[in-house]
Amino acid sequence: MLKNSKTLILAGFGLVLLLMVGLTVIGLTRIMAVNGKMEEIRSVNSAKTALVLEMRSAASDRAISLHRLALLADPFEWDEELLEFGRIAARFIQAREKLVGLGLSQEEKDLLAQSLELAKHGEQLQAMVVLSFQQGNIADAHRSLLKEVI
């Protein structure tokens, strides 16, 4: 009987040990899966943040470029700055397209739509200022720049 209970205790201990190892393996597998998903979420959110910051930077750079246009007298420098003004707009558009390509939640779509409406309004005002400069209406362009665009 003593030998039988010793075998029973060892078998029970072995079974408990086996269950603990099994639970540990299952737990570690789940932790690794969750960690992978968290890394994916972090990666996508970091990319979205970088693209939003690029859009913000492009909008700011475009305003600075517009101010430079207002200060330049040399027509060649003015033309070069006007080209830069357009390149900055292309940067903004590329960042926006990449952002949309990452897939957005409904809340993110709504926020992007709101910010794009503001950007569109600002771009229209900037285009009017550039047109005034191109048509030689320097005083009008300066007034619009100072009162409407800024």
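Modeller: Happy to. This is a predicted model, in which local features need pLDDT of at least 70 and side-chain atom pairs count only at pLDDT 80 or more, while totals for chains, interfaces and linings use all residues. Residues are numbered from 1 along each chain as its sequence is written, and side-chain values use heavy atoms, with hydrogens and water left out.

Colleague: Is Q126 buried or exposed?

Modeller: Q126 sits in helix α3, residues 106–134 (helices are DSSP runs of H or I, at least four residues, numbered from the N terminus). Buried means under 20% relative accessible area, exposed over 50%, and partly exposed in between, with a 1.4 Å probe and protein chains only. Q126 has 9% relative accessibility, so Q126 counts as buried.

Colleague: Which residues does S144 contact, leaving aside neighbours within four places in sequence?

Modeller: S144 belongs to helix α4, and at 9% relative accessibility S144 counts as buried. Contact means heavy atoms within 4.5 Å. Leaving aside neighbours within four places in sequence, the partners of S144 are V129 and V149.

Colleague: Why do the buried residues of α4 lie on the same side?

Modeller: In α4, residues 138–149, the buried residues are A141, S144 and L145. They lie on the same side of α4 because they cover an arc around the axis of only 100° (the arc is that of the directions from the helix axis to the C-beta atoms).

Colleague: Which residues make up the largest nonpolar core?

Modeller: A nonpolar core is a set of buried Ala, Val, Leu, Ile, Met, Phe, Trp, Tyr and Cys residues joined through side-chain atoms within 4.5 Å. The elements giving two or more residues to the largest one are α1, α2, α3 and α4. Its 10 residues are L66, L69, A70, W78, F85, V129, V130, F133, A141 and L145.

Colleague: Which element gives the most to the lining of the largest pocket?

Modeller: On a 1 Å grid over the protein atoms alone, a pocket is an open set of points where a 1.4 Å probe fits, with protein on both sides within 12 Å along at least five of seven lines, and lining residues have an atom within 4 Å of a point. Of the 29 lining residues, the closest to the centre of the largest pocket are F92, S115, L116, A119 and K120. With 14 residues, the element that gives the most to this lining is α3.
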